[in-house]
Amino acid sequence: ELCNAIIKEGIEIELGCETRADRLDDGLLDLMYKAGFRVIKLGIESASLEVLRKSKRLPIELEHQEKIVRYCDKIGMRVVGFYVLGLENDTEETIKATLKYSKKLNTDFANFTICTPIPGTEFYEIIKDRIKTDNYDLFDNFHVTFEHPNLSEKGIMEYQEKALVGYYLRPKYFYKYFTKTIFK
């Protein structure tokens with residue numbers, strides 16, 4: 001309805017939104033693009049559907065996410081992928097799979113945050129006896145704030161650094177970035 005109203009009124013605007021890939025299909029993306037949407041931010045979180053299920057998150061089939069990202073590339077809509085490292089059931093293997101998957105998707109931008117139990121959420125209540133700080137300034141998705149059952153704080157922080165460096169400093173990313181921004 002929003003897209004149709006923007007189009008009907010002839011409003012020339014560039015927009016972005018955050019959503020889930022399972023809420024999108026080619027037809028809706030075409031309509032969104034026509035209405036001025038140029039950026040879609042997708043909560044991918046993990047390549048492990050099992051980790052997502054165990055974390056009480058709603059997993060999205062990887063093939064559908066891949067299809068949506070490819071279609072956005074095709075129509076010229078930028079995609080930001082959001083990934084969460086250190087989900088409660090993550091292991092070194094699942095984090096490595098997520099980092100590999102992020103490179104496979106090769107979105108225009110990728111954000112790698114650290115799982116953070118936000119006070120007032122169900123997740124916080126579930127693990128509150130494993131929270132290791134009462135400094136709420138650290139509950140920012142960039143600090144490890146709870147004792148992880150499978151990973152060390154140092155390990156999670158190193159994976160976040162590897163994720164950022166490994167994602168942005170690779171030829172496939174440079175090529176995509178420069179062909180979309182510099183050599184349009």
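How many aromatic pairs does a search of the whole structure find? The search finds 10 aromatic pairs. The rings considered are those of Phe, Tyr and Trp (its six-membered ring), and they pair if their centres lie within 6.5 Å; planes under 30 degrees apart count as stacked, over 60 as edge-to-face and the rest as tilted.

The model is predicted, so local features need pLDDT of at least 70 and side-chain atom pairs count only at pLDDT 80 or more, while totals for chains, interfaces and linings use all residues. Residues are numbered from 1 along each chain as its sequence is written, and side-chain values use heavy atoms, with hydrogens and water left out.

Two of the pairs are set out here.

| Pair | Centre to centre | Angle between planes | Class |
|---|---|---|---|
| Tyrosine 136 and phenylalanine 139 | 5.1 Å | 45 degrees | tilted |
| Tyrosine 168 and tyrosine 173 | 4.9 Å | 90 degrees | edge-to-face |

Burial is judged by relative accessible area: buried means under 20%, exposed over 50%, and partly exposed in between (1.4 Å probe, protein chains only). In the tilted pair, tyrosine 136 is partly exposed because its relative accessibility is 47%, and phenylalanine 139 is buried because its value is 10%. In the edge-to-face pair, tyrosine 168 has 22% and so counts as partly exposed, while tyrosine 173 has 6% and so counts as buried.

Tyr168 and Tyr173 also belong to a cluster linked by ring pairs, together with Tyr83, Phe112, Tyr167, Phe174, Tyr177 and Phe178. Tyrosine 167 has the charged end of arginine 170 over its ring, 4.4 Å from the centre. A charge sits over a ring if NZ of Lys or CZ of Arg is within 6 Å of the ring centre and within 35 degrees of the ring normal. Arginine 38 likewise lies over the face of tyrosine 33, at 3.6 Å from the ring centre.
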